[in-house]
Amino acid sequence: MESLWIETTRDKVHASTLKEDEETEVCIIGGGLFGLTTAYYLTKQGKKVILLEKEEIGSKVSGNTTGKITSQHDLFYAHLINDYGEKYAQKYLEANEQAIKNIKQIIDNEQIECDYSMKKSYVYTTEQDEVIEIEKEVEAVNKLGKNAKFVNTVDLPIKIKGAIEFDGQAEFHPRKYMIGLSNAIQKQNKIYQDTTVTDVEKIGEKYKVCTDKGDVYAKYVVIASHFPIINMPGFYFVKMYQSTSYIIAIETEKPLPEGMYINIKEPVYSFRTTDYKGKKILLIGGVGNKTGEPISNNEHYEMLEKKAKEMYPDYKVLYRWNTRDCISLDKIPYIGEFSSFMKNVYVGTGFKKWGITTSNVAANIVTDKIMGKDNKYEEIFTLFP
């Protein structure tokens, strides 16, 4: 079954396939959030852009997320301070907080109807011995300048021992948002769906992006596919692994919570509500595994339904789906130049399940690189494979 987001936005993306060779300034490979957002910003900067998508816009990872727009990436900031220092952690937080504002600005500027709503976000624990981790994260986040709170109750039918609360977070319908981005891009530039990129070749001062429908010649190339399509010289395949997460959408007659939630230890459960046919429903996600492990998908959905039954005995499953995310070994996304050996080729990947904000961060960094501008967040993601 496809995701709630995809099922509720049928036949809304109007884009043809590539039919012949073309030339442009920037060729973007991939029509997920990172690719679309980069194309949008470059379009606003007056650049000539062609975006190529293998299937249908928003039909892969970006169209199968939970739709949380948040800088709260599990318990992460105490780890960043310990491993990289306070300045680094502060920039990571600022970049993702700014991304929340950027997304809202795009929604407002383009008048995109995508069920956007401001929410508080929580990471919680039901175990007493894990409370200290929550407390350390609260201290770390406050040290970085954001007002985080420790709370011992949340609006879920679960008894918790503690949680960290972030305000100023949000949620939306990700595919409606991507359709809005697509429409804005196509006012000036081109998007081609059902066009599979097979290779990128250096031809003089330009690149030839080879596809099954024709070739696109460009000075700049942005690799915004789920996993970078070029293995060398980047070697990203040895620096990342893929993780599969599972989601069910349920309805119940019982009152549903406000806010967005996730617990801190395996098995991980994520919660948020959304509107569906005039009624509020609940999305329950998580219980992931490394992609390729010999585990039946049904086992994961059964775990999600067991949790649903514990909380809402009258639950009814409306949708079930899964998605795959790329995760870097150090949990820091790879954003910027693809390799020091390939000038003017850029990449954004390894968003570790928090790609809604980090894709916006990546799009701003790559746009600034192409426009010859400095970006104050670039240095924390820089990597030369």
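## Backbone exceptions in loops

In this predicted model, Lys277 is exposed, because its relative accessible area is 76% and the cut-off for exposed is over 50%. Lys277 lies in the loop between strand S13 and strand S14 (279–290). Its phi is positive, about 55 degrees, although Lys277 is not a glycine.

Asp194 is not a glycine either, and has a positive phi of about 50 degrees. Asp194 is placed in the loop between strand S7 (190–192) and strand S8 (197–203). With a relative accessibility of 42%, Asp194 counts as partly exposed. Most residues other than glycine have a negative phi, and most peptide bonds are trans. The bond that joins Glu266 and Pro267 is a cis peptide bond, with omega at about -10 degrees. Pro267 is found in the loop between strand S12 (260–263) and strand S13 (269–276).

## Helices H4 and H8

How do the axes of H4 and H8 cross? The axes of H4 and helix H8 (residues 355–371) come within 8 Å and cross at roughly 90 degrees. The two helices are therefore roughly perpendicular to each other, since angles of 65 to 115 degrees count as such.

On the H4 side, the contact is made by Tyr92, Ala95, Asn96, Ala99, Ile100, Asn102, Ile103 and Ile106. On the H8 side, Ile356, Thr357, Thr358, Asn360, Val361 and Asn364 take part. Sorted by class, the contact of H4 with H8 has eight nonpolar, six polar and no charged residues.

## Helices H2 and H8

H2 also packs with H8, at an angle of about 40 degrees and with the axes 8 Å apart. That angle makes H2 oblique to H8, and H2 passes H8 in a right-handed crossing.

From H2, the residues that meet H8 are Leu33, Phe34, Thr37, Thr38, Tyr41 and Leu42. Their partners in H8 include Ile356, Asn360, Ala363, Val366, Ile370 and Met371. The residues of the contact of H2 with H8 divide into ten nonpolar, six polar and no charged.

## Helices H2 and H4

Helix H2 (residues 33–44) and helix H4 (residues 86–110) pack with their axes 13 Å apart, at an angle of about 60 degrees. H2 and H4 are therefore oblique to each other. H2 passes H4 in a left-handed crossing.

Which residues of H2 meet H4? They are Tyr40, Tyr41 and Lys44, and they meet Asn102, Ile106, Asn109 and Glu110 in H4. By class, the contact of H2 with H4 has three nonpolar, two polar and two charged residues.

In soluble globular proteins, nonpolar side chains tend to be buried together. Here the largest nonpolar core has 70 residues, of which Ile28 and Tyr177 touch the most other members. H4 supplies the largest share of this core, ten residues.

What does Ile28 contact, leaving aside its neighbours within four places in sequence? Ile28 is in contact with Gly35, Thr38, Ala39, Leu42, Val49, Ile50, Leu51, Leu52, Val222 and Ala224. Another core, of 23 residues, lies apart from the largest one, and among its members are Ile248, Tyr261, Phe271 and Tyr312.

Definitions and conventions
Residues are numbered from 1 along each chain as its sequence is written. This is a predicted model: local features need pLDDT of at least 70, side-chain atom pairs count only at pLDDT 80 or more; totals for chains, interfaces and linings use all residues. Side-chain values use heavy atoms; hydrogens and water are left out. Axes are lines fitted to C-alpha atoms, for helices over the stretch in contact, and angles run from 0 to 180 degrees between N-to-C directions. Helices (H or I, at least four residues) and strands (E, at least two) are DSSP runs, numbered from the N terminus. Angles under 35 degrees count as roughly parallel, over 145 as roughly antiparallel, 65 to 115 as roughly perpendicular and the rest as oblique. A crossing is left-handed if the near helix is turned anticlockwise from the far one by less than a right angle, and right-handed if clockwise. Contact means heavy atoms within 4.5 Å. Ala, Val, Leu, Ile, Met, Phe, Trp, Tyr, Cys and Pro count as nonpolar, Asp, Glu, Lys and Arg as charged, and the others, Gly among them, as polar. A nonpolar core is a set of buried Ala, Val, Leu, Ile, Met, Phe, Trp, Tyr and Cys residues joined through side-chain atoms within 4.5 Å. Buried means under 20% relative accessible area, exposed over 50%, partly exposed in between (1.4 Å probe, protein chains only).
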